[in-house]
Amino acid sequence: MSRDSYAKLKKIIQNSEHHVIITHWSPDGDAMGSSLALYHFLTGLGKKASVVVPNDYPEFLNWLPGNARVVNYSQQPEKVKKLFAGADLIYTLDFNSFKRLEGLGDLLSQNQTPKMLIDHHQQPDTYAAYQLHDVKACSTCELVYDLICGLGHKKSLNKKIAACLYTGLMTDTGSFRYPSVNSKTHRILADLLETGIHPTDIHSAVYDSYSYNRLKLLGFALNEKLKILPGLPVAYFTLNEKELERFHYVKGDLEGLVNYPFSIKGIQLCALFNETDEYVKISFRSKGHIDVNKFARRYFNGGGHINAAGGKSMESLKLTEEKFVELVKTLF
């Protein structure tokens, strides 16, 4: 854990007028929830703030308060460059390496504006002047909550901030069922509920908005593409571009698929390999002490948490699968 004092962070925030918030490539619920919660908090302080994303994120997150103000670098690169040029402080949320930004990372690495890292992933790079980093946090949204309260602004929690924070807490903990959930998580939830948000509505907005094609893709993956390795507690999926096109795949359609095999008795590690135009995207999930963070970092250009990590492969889907099948044995 590495945390600068709240007094130090309070001073730098107070002395900064123009704030830019950035999150990682293909943002998820925690990335967008934490970014927009921080945006609402800063604007509530009278600061000028902007949220920048490297590329698109799933449609089921578009309902989040402040979504319309998000600037997408893949669509508006010149606007992002102007925001960077005018920033007094840049926050990097839910990632700790510029590699997680793809092309936007090059632009950010050239920018000399002081940066504040707010993140819960392991082994952060050393680019940030200020840090709020804790691998024990269940989500980056937990750390944004800590920041707001640590700065003495707990009373500023409102329905907009709470809805964003609740979304990140919910999605990054598998609806509060992962080992990262503890008594503090539920105390935070209690404070968020006090603002008047409705958890049922938030859950429905995120999880009850599937398209017909997404449900068909899920059924196809479970019925046709799920594999279990003989003699190992390992299950995984591979999906190529043609298969995804068959079901009119859009970003977010594979969200949560990697976790489904855990419902099979005895499975301890799950993986998902899906082909894109440029590389094979990989998701790993595990139980107990099986460290998929180290596994992803060592073999698949990725990283994350002990029980949840991602990566990518520049080899073909077939070769990537063969590599995984051989290397995963080392974890058992």
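Predicted model: local features only at pLDDT ≥ 70, side-chain atom pairs only at ≥ 80, totals over all residues.
Local features need pLDDT of at least 70 and side-chain atom pairs count only at pLDDT 80 or more, while totals for chains, interfaces and linings use all residues; side-chain values use heavy atoms, with hydrogens and water left out.

**Stop 1: helix 2 and helix 5**

Select residues 29–44, which form helix 2, and residues 140–150, which form helix 5. Helices here are DSSP runs (H or I, at least four residues), strands are runs of E (at least two), and both are numbered from the N terminus. The two axes come within 8 Å and cross at roughly 15°. (Axes are lines fitted to C-alpha atoms, for helices over the stretch in contact; angles run from 0 to 180 degrees between N-to-C directions.) Helix 2 and helix 5 are therefore roughly parallel. (Angles under 35 degrees count as roughly parallel, over 145 as roughly antiparallel, 65 to 115 as roughly perpendicular, and the rest as oblique.) Their crossing is right-handed, a term used if the near helix is turned clockwise from the far one by less than a right angle.

Now show the side chains. On helix 2, pick Asp 30, Gly 33, Ser 34, Ala 37, Leu 38 and Phe 41. They meet Thr 140, Cys 141, Val 144, Leu 147 and Ile 148 of helix 5. Contact means heavy atoms within 4.5 Å. This contact has seven nonpolar, three polar and one charged residues. (Ala, Val, Leu, Ile, Met, Phe, Trp, Tyr, Cys and Pro count as nonpolar; Asp, Glu, Lys and Arg as charged; the others, Gly among them, as polar.)

**Stop 2: helix 5 and helix 6**

The axes of helix 5 and helix 6 come within 8 Å and cross at roughly 145°. Helix 5 brings Cys 141, Glu 142, Val 144, Tyr 145 and Ile 148. Helix 6 brings Ile 161, Cys 164, Leu 165, Gly 168 and Leu 169. Eight of these residues are nonpolar, one is polar and one is charged.

**Stop 3: helix 6 and helix 8**

The crossing is right-handed. Ala 163, Tyr 166, Thr 167, Met 170 and Thr 171 of helix 6 touch Pro 199, Ile 202, His 203, Val 206 and Tyr 207 of helix 8. No charged residues take part in this contact.

**Stop 4: the second largest pocket**

Go to strand 3 (48–53) and helix 3 (77–86), the elements that each give two or more residues to this lining. Strand 3 gives the largest share, four residues. The lining includes Tyr 39, Lys 48, Arg 69 and Gln 76. By class, the lining has seven nonpolar, two polar and three charged residues.

Notes:
Residues numbered from 1 in each chain as written. 1 Å grid on protein atoms, 1.4 Å probe; cavity = no way out; pocket = protein on both sides within 12 Å on 5 of 7 lines; lining within 4 Å.
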